[in-house]
Amino acid sequence: MKVIALEGPSYAGKSSAIAHLRRQGAEDHAFVSDCYVDHIANRHDIPPARTTSAAAQLAAFETFMSIEGLRVRRALASTKTVVILDRSVDTLLAHAHCLDALFGFGVQHQLRDRLQELPFLRPDHTFYLDVPAEVLALRREAAGHTAAEPDYFLHEPAFLDHVRAFFVSGSQQPVSRRVTVIPADATPLEVAQAVETLITLWTR
């Protein structure tokens, strides 16, 4: 089984790429899974992006790992040879890395220890959609979300810098065996087609 994950900041184009893959018939041969938050029925049950303590960050990790466990079971039961994920467990580690750096929570090592006890889908290959902050802001504004939520933690410059560093700097240790950076400041369709091409090449 080959596991491929799409990573990148919010509004990078991951979900649009997943939707495009589905329209192209990807589910005929691959198990395709949406982002963690799409598995939580009640929006109020989604852990906050900016947790206020190490304990809250650990609790958020456990919430999302319960979803990861569900994804593992469904992927294994599907008998498909390819798994495509909108975000992987590396999302959770990158987020914790960022909050450790910004607020000194110091939970990264605890999460990695916890992973040894939990089932998760370790990506063989991660495609990181790399988008400049100003483009992300424009996409969010075009979606009509800026006015309702002007202070968006996931697009704060320090957060974006730390999360990007987790995947592309080489100084961190993502769970994924391989990370490929895809410049994604193009149209959603162009980004989705680039992802589709790389997935097709890598899964042949």
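## A buried glutamate

E68 touches Y36, P119, F120 and L121, leaving aside residues up to four places away in sequence. Contact here means heavy atoms within 4.5 Å. This is a predicted model, where local features need pLDDT of at least 70, side-chain atom pairs count only at pLDDT 80 or more, and totals for chains, interfaces and linings use all residues. Residues are numbered from 1 along each chain as its sequence is written, and side-chain values use heavy atoms, with hydrogens and water left out.

E68 belongs to helix α2 (residues 54–78). Helices (H or I, at least four residues) and strands (E, at least two) are DSSP runs, numbered from the N terminus. Why does E68 count as buried? Because its relative accessibility is 0%. Buried means under 20% relative accessible area, exposed over 50%, and partly exposed in between (1.4 Å probe, protein chains only). The side chain of E68 also makes a polar contact with the side chain of Y36, at 3.2 Å. A polar contact is a pair of N or O atoms within 3.5 Å; within protein, one must be able to donate a hydrogen and the other to accept it, and residues adjacent in sequence count only if both atoms are side-chain atoms.

## Helix α3 and its partners

α2 packs against α3 (residues 89–103). Their axes are 10 Å apart, at an angle of about 170°. Axes are lines fitted to C-alpha atoms, for helices over the stretch in contact, and angles run from 0 to 180 degrees between N-to-C directions. α2 and α3 are therefore roughly antiparallel, a label for angles over 145 degrees; under 35 is roughly parallel, 65 to 115 roughly perpendicular, and the rest oblique. Q57, F61, F64 and M65 of α2 meet V89, L92, H95, A96 and L99 of α3.

The axes of α3 and helix α4 (residues 108–115) come within 9 Å and cross at roughly 160°. This pair, too, is therefore roughly antiparallel. V89, L92, L93, A96, H97 and D100 of α3 make the contact with Q108, L111, R112 and L115 of α4.

## Strand β4

Six of the six residues of strand β4 (residues 125–130) are buried. H125, F127 and L129 lie on one side, and T126, Y128 and D130 on the other.

β4 pairs with two strands. Strands pair if DSSP finds at least two bridges between them. Strand β1 (residues 2–7) runs parallel to β4 over four bridges, and E7 has Y128 as its bridge partner. Five bridges join β4 to strand β5 (residues 179–183), also parallel. There, I182 is the bridge partner of L129.
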